[in-house]
Structures are given as structure tokens and as C-alpha cells.
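Dear colleague,

Please find below the structure that I am handing over to you. My notes on it follow directly after.

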Amino acid sequence: LTLAELGARTSEFNGRLQRTRFDLRLPDDFFPAETGSISLSLAGGYAANLDQTSQIVVRVNGKVAAGLPLADPKGDVFTDKVLRLPLQAFRPGLNTVEMTTQTGTQADRQCDTLAALQDPPRFLLVEDTRIGIPSYPRLLGLPSLNASLGGGLARQAKGNVPIYVPFATPDMLSA
């Protein structure tokens with residue numbers, strides 16, 4: 001998927017902090033294990049003479065998953081800068097991915113807000129940025145008790161119907 005397909009557009013930015021976020025929904029049987037990663041292939045660039053602390057930080061569900069320093073004093077233009085987001089950072093259902101770009105300069109230390117309005121763009125994120133989702137682990141589903149009991153299994157059996165409950169706890173058994 002590209003950022004354009006997720007609703008984002010190419011954007012130039014001339015401030016100190018930019019946030020880009022999108023949501024990914026993974027199936028309910030997704031198993032978040034450390035068996036792979038989702039790739040985030042960045043397309044964009046940054047200006048020359050940024051502070052050495054300038055960086056891109058990618059958070060998944062509020063936790064840092066990857067980062068990229070923007071430390072080249074000459075700036076850089078990239079079309080396929082790959083960041084690996086571990087599958088373990090994701091969970092079944094809705095996941096929020098947020099890219100925070102910090103682009104500080106020497107002029108920021110003077111806090112002249114009017115001068116900052118005249119600055120050329122410091123960072124460019126192109127809508128061709130892609131997210132690649134590999135095959136991921138999935139849990140095997142247990143049969144639905146509702147389907148088996150309501151669908152006739154209990155009606156066909158004479159007497160008690162044995163049911164196996166893995167990881168049985170008193171709360172689970174009472175449910």
C-alpha cells in the first residue's frame with residue numbers, strides 16, 4: 001500500500017515537528033510474534049544543515065518501533081529508505097502507525113517565529129511511501145461453541161456433550 005492509497009498526500013514541511021499517521025487493521029487471528037517485520041519504504045527528502053538530533057521516529061500503537069536519523073549535513077533525497085517495523089509491535093484489530101519527523105535548525109534556537117515562516121521546506125514526505133505487509137502468523141481458530149451446540153451437536157448426542165476448554169480458569173468455565 002502507498003500513503004496515497006491510505007489517504008495521505010505529498011507534503012512539504014518547514015517547521016520543527018511533523019506527524020503523519022495512519023491506521024492498519026489486522027485480522028483477529030493475527031498472532032503478534034517476532035517472526036518478521038512490516039516494511040515502511042520512505043520516499044522523500046530533507047534539507048541541508050539540520051541539527052544532528054533531527055530524526056524520523058515511527059511509533060506503532062504508541063511505542064517506538066523504528067527510527068531514522070536525518071544527520072547528513074548536505075541533506076538527502078531518498079526513494080526507498082526501508083524501515084522495519086517488527087510484527088511484535090502490532091496486535092489483532094486496529095493498529096495506529098505514527099511517523100514523527102523532528103527537523104531542528106540553528107535558527108530555531110532563536111525562537112523567531114516570523115523568520116520560520118520564510119524558511120524553505122525542511123522535509124518532504126512523498127505519497128509514494130509504501131508499507132509492505134508480509135505473510136504473518138495466524139492462530140488456528142477453535143471451533144465455536146455456539147455453532148456446535150446450537151447447530152445440532154448437542155441434539156444428536158445422547159447424554160452429556162464433552163467440551164474441551166484449553167487454559168481453563170474459573171471465569172472461563174463460568175462463561
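Is I133 buried, partly exposed or exposed? I133 is partly exposed, with a relative accessible area of 37%; buried means under 20% relative accessible area, exposed over 50%, and partly exposed in between, with a 1.4 Å probe and protein chains only.

This is a predicted model, in which local features need pLDDT of at least 70 and side-chain atom pairs count only at pLDDT 80 or more, while totals for chains, interfaces and linings use all residues. Residues are numbered from 1 along each chain as its sequence is written, and side-chain values use heavy atoms, with hydrogens and water left out.

Surface patch

I133 lies in the loop between β9 (130-132) and α2 (145-150). Helices (H or I, at least four residues) and strands (E, at least two) are DSSP runs, numbered from the N terminus. Together with L1 and L6, I133 makes a nonpolar surface patch of about 230 Å². Such patches consist of residues with over 30% relative accessible area and no salt bridge, nonpolar side chains (Val, Leu, Ile, Met, Phe, Trp, Tyr) being joined within 5 Å and like charges within 9 Å. A salt bridge is a side-chain nitrogen of Lys or Arg within 4 Å of a carboxyl oxygen of Asp or Glu, and accessible areas come from the Shrake-Rupley method with a 1.4 Å probe, only the protein chains shown counting as cover for residues.

Nonpolar core

The largest nonpolar core has 28 residues, and L40, L42, V58, L85, F90, V97 and F123 have the most contacts inside it. A core here is a set of buried Ala, Val, Leu, Ile, Met, Phe, Trp, Tyr and Cys residues joined through side-chain atoms within 4.5 Å. The largest share of this core, four residues, comes from β3.

β2 pairs with β7 (residues 93-102) in the antiparallel sense over ten bridges; two strands pair if DSSP finds at least two bridges between them. The bridge partner of T20 in β7 is M99.

Backbone angles

N49, in the loop between β3 (37-46) and β4 (55-60), has a positive phi near 65° and is exposed at 60% relative accessibility. N61, in the loop between β4 and β5 (63-69), has a positive phi of about 55° and is partly exposed at 22%.

Yours sincerely
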